[in-house]
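Here are my notes on the model you sent over.

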Amino acid sequence: MGLLRTILLRLLTTAITLFGVAVIVFFVIRVVPGNPIAMMLPPGATDEDIARLTALYGLDKSIPAQFWIWGAGVLQGDFGTSITARQPVLAMVLARLPATLELSVLALLIAVLVGGAAALTGTRLRQTKVEGGIDIAGGMALSVPDFLWGLLLILAFGVLMPIFHISGRVTPSLDLPFVTNFYLVESLIRLRLDLTLDLLSHMLLPALSLAIPLAAIIAQLLKQSLKETMHLDYVTLARTHGYSEARVIWREALPNALLPTLTLVGVQFTFLIGGTVIIERLFSYEGLGNMAIDAVINRDLPLIQGIVILFAVIFTGVNLVVDLMYAALNPRLRHG
Amino acid sequence: MTYLSVRDLTVRLKDGPALLRSVSLDVAAGEVRGLVGESGAGKSMIGKAILGILPRAVEVVSGQIVLDGVDLLTLPPAERRVRVGATCALIPQDPLTALNPSRRIGPQMTDRLVDILGWSRANAAARVQDLLAEVQIVDPARVLRQYPHELSGGMRQRILIASAFAAEPRLIVADEPTTALDVTVQKQILKLIAGMQARHGTALLFVTHDLGVVSKVCQSLSVLYAGKVVEDAAVRAFFAGPKHPYSAALLAATPKYTDPDAGLQPVPADVIAAVRAEVGHG
Amino acid sequence: MVEGRAEVKRKAGLRLWLSAGWLGALVLVALLAPLLAPNDPLAQDLFAGRLPPFWVSGADAAYPLGTDSLGRCVLSRIIFGSRLALTVALTAGVITCIIGAGLGLLAGFWRGWVDVVVSRFIDIWMAFPPVLFSILLIAVIGPGVFSIILAIVVIDWTRFARVVRAEAMAQGAMDYVASARVAGRGRMGIMLREVLPNVLPIVLVLLTLEMGIAVIVEAILSFVNLSISTDDPTWGGMISEGRSSIHQAWWVLVFPLVTLFLTVLSFSQLGEGLKDRFDPVLR
């Protein structure tokens, strides 16, 4: 099967999945008992108000017709208007997206570095106390979800040893020269390292909370995969060449052990992105997730719809990228 | 002149039974010695002990492995590794699993020359290309750019043989190098190894369960049973008349050397019992 | 092997008993809450606001773990909060388990169009951010215990469905199923009598883990003020309040957090311990 066919097939299933998400979001909001319009209005609104707002959102039409109108709008980039902010949903969502992306990628980076280092160390020192310690730490990290890690980190580094910020994305009094919302990236490009440090000191704890469970999963999967690879004949043969154990692990075993780990890490990364919703809330970090919870509390349905769909796009996008990376990295697929 | 001398080597599973019991054998420079025994006799374990690739669950209890006058077991691990890497090589059993699937053939072959022996990249590349030509691979330059899965099993075994000779080692351990191959390919590969050995003058420890192979390529052989050497002889003398009853039985069980019409002769039970008693096994 | 099998088994056993012990104690506490709680969990006393726990100077012996900003007893609220946590864990866990495992079993053993439909749904579900989806659901149907349970079931059925489907597929390919079929037994009978018992151990492990997840989801929803009325004691609600007054009254955050932490840890350790128990290699 060629690489191109793989890509096309994956794009097709991605499209189907996204369509499914759109349908479910749409119907959950409209079909589930409860009148969303009544919820949007303050108590004491008249029937007339409700009727007017219903017409405004096209809710008086039949449900398939509503879906048609809404779907056509979505395809043209029109996600409707936020009820609370009275701004286009798409613009609001895209303005918050960079903050969430930076946080997720930072967390992924930490998880890959820590998890990878743990897996390599555990493999290098296998069957020693160190490997046992890594396994126990990994088990602990996995049994507790990101929300609780966040709270524990707040206690440890916000109260007991207040060395990091525990709320916000950046110190509000700072003068920000940024033109995009990718603050961290832009501060690096502009070489404003003072701002980079301030951003990181805000982002570190939320990123760590998200990274701890993922790091444990990476360590576990990669170590298992390395362990299996280390028994293979080509690794044994490489040992007879006089290479050091570290080099054998790094050059011979790791590239082959990475491949099976990659797919699983992709799925886990989407879970991490899902976790940003509550972690951003916990750390008052101004990203998409925080906005989503505000939207829910304010019953801002158009905004909620937009955010959920954007998250679904990110999720399926990550899965797609992982599948394509797998195909690109696997020599069998590349040259088959 | 003895190049490799294994003396009273005893190896066991950690907290388990012994796998090799006081094994001794010598390989002279340029000599081809067969190491024969049934599966489980411990013949591969000897090769692994020499090359320092024993599984982690296995430990050396006592003995010496003297390579070129130096006892490898007394060296610090790093020094031992480099010494073995520079002077010894392994031709593995299964060519399908012995090449790294994610790396091109070229770097897999040249890395050790550059990293361990300090050759220049260009020299290493030229050397490897010559060797591939020597093992009769057509278009070596192309093969060096390919991945293992693009090559046949026979091709891969040739590459592994060429790779074993790449650093001009003084000793090569061939661990059943033809067992995993097609019968038709087996003969060619055997001839190839014998030819390469003769041209390069490398000592060869040929691990096999096939006495027919031994008669074709070896000058001397050690017969192993249950982790113990039961006979050590020159090939000619051995096939003329083995001294040990187990060897004799093993020879009788090899079809080529008996009347083909008589069929296969299993090793007689009384011989097994006698040998077991002798080596103190079960 | 560094440790012998006996050693591994002993450690797994200890882990199992410690977790089961904590959870058992928690069930008792929830059942006997009115007897155990020193104060009314809802009673406010603005003159006794933010009292520290008993070992800190300035504490009031009537409030062993201190009070929150409204002067409500932290210990009593933790004790009563365990009722909601365990109710949600039990009901949501069991319902999710029955629905998810049922669909997984059907898809994995029956294959055909059932499998196609269930698998497609699993794919679509995997594209949702779970926390966001649950919050969305609750925003639409309104807060309450029923909503929390419904949200957990709707989000988490795929956890069971995926694993059970794979397991049922593996079991379906085994010889004992083939021989049962040769013996002329109906497919439904084979599925329930032969396959289900073999899938049950892993379902039990998943159920235990799911209960831990349910406790966390309940805490998260209470944390963002979407579970039940804010006056009623919930661990998540207490944590939310503690988070905002973290610099003035750390105990309002720490005690419910520790309780939640131990509970979640116990469920997950119990699940892992059961997994080892059922693992034929260790048995």
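How many salt bridges are there between domain 1 of chain A and domain 2 of chain A?

1. The count is 1 salt bridge, taken as a side-chain nitrogen of Lys or Arg within 4 Å of a carboxyl oxygen of Asp or Glu. The side chains of A:Arg10 and A:Asp323 form a salt bridge, with N to O at 2.3 Å.

2. Keep in mind that this is a predicted model, where local features need pLDDT of at least 70 and side-chain atom pairs need 80 or more, while totals for chains, interfaces and linings use all residues. Residues are numbered from 1 along each chain, chains are lettered from A in the order written, and side-chain values use heavy atoms, without hydrogens and water.

3. Chain A splits into domain 1 (2-75) and domain 2 (93-334), with bounds from an automatic or database assignment. In the contact (heavy atoms within 4.5 Å), domain 1 puts in 17 residues and domain 2 puts in 14. The two C-alpha centres sit 32 Å apart.

4. Together the two domains of chain A bury about 1,500 Å², with 79% of it on carbon and sulfur atoms. That area is the accessible area (1.4 Å probe) the two parts lose on being put together, summed over both.
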